[in-house]
Each structure stands twice: as structure tokens, then as C-alpha cells.
Amino acid sequence: MLRAAALACLAACQAHAAVQVPTLLADHMVIQREQPVHVWGKADAGEVVSASFRGETKAAAADALGQFSFYLSPGAAGGPFEMKIRGANEIVLKDVLVGDVWVVAGQSNMEWPVQWASQPEVEIAAARHPRIRLFRAMHRVSEFAFDDLWGQPWAPCAPESVAEFSAVGYHFGRFLEERLDIPIGLIQIAWGGTPIDSWTSYSAIAADSALMPALTEWAKIMRNHPAALLRYQQECRRWEAAAALAKAAHKPFTQPVPVKPLGPESPWKPGAIFNAMVMPATAYPVRGVIWYQGESNTSAERAPLYGRLFRTMIDDWRRAWNQGDLPFLFVQLAGFTAAPDSQWPELREAQRRALGVANTGMAVAIDLGERDNIHPKNKREVGRRLSLLARALVYGEHLVYSGPLFRRTTREDGALRIWFDHTGGGLMAQGGALRGFEVSGADRRWKPAAARIEGNTVLVSSPEIPAPLYVRYGWADFPDCNLYNTERLPAAPFRSE
């Protein structure tokens, strides 16, 4: 029996393996314009594999492990084209477009599909944009880097393909395609309820001693996992027994299902999503990233690390894609009434300060939140604001792309004057008198402040703080704040300390 198995293994090894390419290389894909066209995959060791595209053919031999990788010349936007990949077999990729490719990443507010957002019937019925192509990655975790991004294959944007796709991503792509008049590819890599730690490589976190608490916390979770799992199993048995009794007595049963504890295969494990869902995408040249995440890092334990983790993650992704300062556009968390011990304002401040990283932009969503819904439905406006950032920062349009951003304060006779960037056509208070400002002295005891607009500045003061030193704005989970520029883009919450 062992001899038969050995012979079967030998025969399998000697047989010629068909050339294989990763899931991202497929019919209907969008290739990044003006970037070398990457062709990679697997074949027999030493096998010469060629690719023909737009009248050009190049080839390379697979290495000793059967992996091949080479590049075709960059080209302008256009299509549709065919790409032929030949080795022992031939693969023909049809309906290939060349345009701009964006990664759509983050947790649930980025993953939130069109069918659950505002006006789903209207949006889905109108979603006929054949030059927008959608790829949706499946959820996976791993302790090591994968080489293939599994998911729903590329599909032209149509009612049947857009319903389950990211609403923010779809609207972002739609606004760009309409403005740029080129094909747009969207690669959705999102997973609800996940912290930034799992989107960052373990090695990048471990390289910074200031981020050790993130690894220490996970080590503690794993140390306590066996006992937590036993408790969970006991709770499940009690829940099942109680449910059976209620059913037998014909009584309603509303007891919540026990929550399974985090374990080794959890998407909360540092680096787990990066390995399985980010790394396999980095072989595919892209134009940039849009990011909406942070809700899972708002606890009192996690929020203080977010600013450093966020910057680390951006640098980590840029190293992995090897495209220099890859554009990274993100959403500041919307308003929401969170748990009493959460730190949503602090996390928003960490996001705002990440604008110090080169080639980043922040879409403010504070006014789009819903008090009791962590998933506000107006994803269209989030996508539009992200598209404004892209049009200005990536495509070089001269337009107002951001609401007012805090620059500095100056002292004036018992008051503070606040100076802003991105004032556009001027500052305005939407819906009445200006609200949302607080001031404090050196003791950091905050008091509500009277605020008025003077030109492109805001003057704030409080009779309770005769010599204010610091000011903050929109500093609450679900703040009442109403400063905008005349382009109707909201000011970002901030703290001047």
C-alpha cells in the first residue's frame, strides 16, 4: 500500500502542471494604467511562461519552486482587451480594461453593502456602469502570508453584482468614473468588527516597542483562551436548556446567544488579516487605498495606541505594495452614541493627526452619523467626500476637497482665536448659532464656549474660563456641532492640546 502511494506521488510530481494565475488575474479585471503590468503565477519549475497584451509579448521561466513573475510595459487607459498567458497550456483573459484600481478596505462601515445602505432599490437599479469592475475578497486569516486573494471574481458593475458590494466603495468609484471618464477597478478587502492590529503585519507591530501592549494584550487573550472556551461551552449548554424549556412551555425566549471568545483563528489576531487578505493583493499594482475603520479600537484599552498603529499600518502597506507613498484616503468616524467607557473622540483625534503622514487625506463624516446606529446609511455622501479627496490629492484638480481643519490658536483678551485650513469660500454655521466648542485652562477642566465666526476664523470664550489655553470642538461620541465651509463640508472634530 505504501509502495502504491509512493508511485502515485511520483507520477503526480512528474506530470506537467498547468500554468495557474492568481484569482485577481481574470476576465473583466482592470489593470492599473501607467504602471508596469504584473503577470505572475505557478507552473512547472523551469517552464517558460509568456504573456501577450496590447501587441506586446514577454516571457520568463518559473523558478525552482514553480513560481514565475514578470512585467509588461505600462499603458494608457482603454479597452476592452485580451491577455493570453501561455505555458504548457493557454489562459485567455477576456474583457480586460486599463484604468485606475483602488483598494476598498476597513471594517463594517466599509463592508456595508449597497443593499443595506440608503435607497437600495434606486441605487441598485441604476448601477449599470460597465467600466467599473468589482472584486470582493472573502474573509480569511492566516499566520503566514498567502499568495492568492480568494474572493468573488471580477464583475462589471451591474445590479446583480453591486448589491453585496461596499456602498462606500461603489459610490467612490462611481463619482470617479463619471469625473475621470476612465475604467475604475475596486478591490474590496473589508471585514466587519475587526481592529487595526489584525490589518497590520506582526513584524511591523513587533518592530516598535511602543506597540508592545497590542501584542501583550493578544498574548493575554490566548493565555486565558482555554478557560474562556470552557465557560462559553457551559453557557451554550445552559442557553440550549433554557431555550428548550421555553419552547416546551410555549413561552417567548429572548435570552441572547452566548458570545464565543476570541481564539487562535480569530480575525482579531495581530497580523492575521494582513497575511491572508492584504499581502496577496500587494502583487497587483493599484492607484491608492480608501479606508474606513476604527470602531473596534475605541475601547479605553485600545484607543490610546490607535494613532501610532494607524501610522504604522499605512507605512506597512506602502512597503508591501512597493509603490512609494501610495495615496491613502480615510474616513474619520461618524457620530454615534457609544458605550460609556469608549473613546470615540480620542480616536477621531488620532485619525486627524494621521494627516501628518505624507499623501493622506481624511473625509469627515461627523455629521452623517446616527445616534443609535453604528452603521449610518448615507454611504453615498461618504463615497462622494472620498472622491473629492482623490480628485484633488491624487488627480490634481483645483477644488475644495475638505471641510475646515484646525491649524492653530492665538490668544486675544480672554478668548482664543482659531485658525483653520480648507475654509473654502468661507466659514458658516449650519442650522443656527455656532455650537460644539469648549475651552479650558491649564487644569483641562472643559467648559462650553460661546463661539462666533470672524472671517475665516472662529473666536471662542467662556465666562467660566477667564484665560483659556485650549479649545476643542465636537468632542463627544455623538456631538452637536455645526461648523462648515460654504461648500457644505463639515469641520473635523479636534483638540488643540
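Let us begin with strand 3 and strand 6 (residues 78-86), which pair in the antiparallel sense over four bridges. Two strands count as paired if DSSP finds at least two bridges between them, and the strands (E, at least two residues) and helices (H or I, at least four) are DSSP runs numbered from the N terminus. What you are looking at is a predicted model, in which local features need pLDDT of at least 70 and side-chain atom pairs count only at pLDDT 80 or more, while totals for chains, interfaces and linings use all residues. Residues are numbered from 1 along each chain as its sequence is written, and side-chain values use heavy atoms, with hydrogens and water left out.

Strand 3 covers residues 48-53 and includes serine 50. Serine 50 is buried, with a relative accessible area of 16%; buried means under 20% relative accessible area, exposed over 50%, and partly exposed in between, using a 1.4 Å probe and protein chains only. Leaving out residues up to four places away in sequence, serine 50 touches Thr57, Lys58, Ala59, Phe70, Lys84, Ile85 and Arg86. Contact here means heavy atoms within 4.5 Å.

From strand 6, a hairpin of three residues leads on to strand 7. These two strands pair in the antiparallel sense over six bridges, and isoleucine 85 has isoleucine 91 of strand 7 as its bridge partner.

Not counting residues up to four places away in sequence, its contacts include Ile418, Val460, Tyr473 and Phe494. Strand 17 (residues 437-440) pairs with strand 21 (residues 470-473) in the antiparallel sense over four bridges, with serine 440 partnered by tyrosine 470. They belong to an open sheet of four strands in the order 18-17-21-23, with antiparallel pairing. Strand 18 (447-448) and strand 23 (494-495) stand at the edges with a single partner strand each, so one side of each is left without a neighbour in the sheet.

Now turn to a parallel pair: strand 12 (residues 328-332) is joined to strand 13 by five bridges, and phenylalanine 330 has methionine 362 as its bridge partner. Between these strands the chain passes through helix 11 (residues 344-353), and this β-α-β crossover is right-handed. That is, with the strands pointing away from the viewer, the path from the first strand over the helix to the second runs clockwise. Five of the five residues of strand 13 (residues 360-364) are buried: Thr360, Met362 and Val364 on one side, Gly361 and Ala363 on the other.

Helix 11 packs against helix 10 (residues 303-321) at an angle of about 35°, with their axes 8 Å apart. Axes are lines fitted to C-alpha atoms, for helices over the stretch in contact, and angles run from 0 to 180 degrees between N-to-C directions. Tyr306, Gly307 and Arg311 of helix 10 meet Leu347, Ala350, Gln351 and Arg353 of helix 11.
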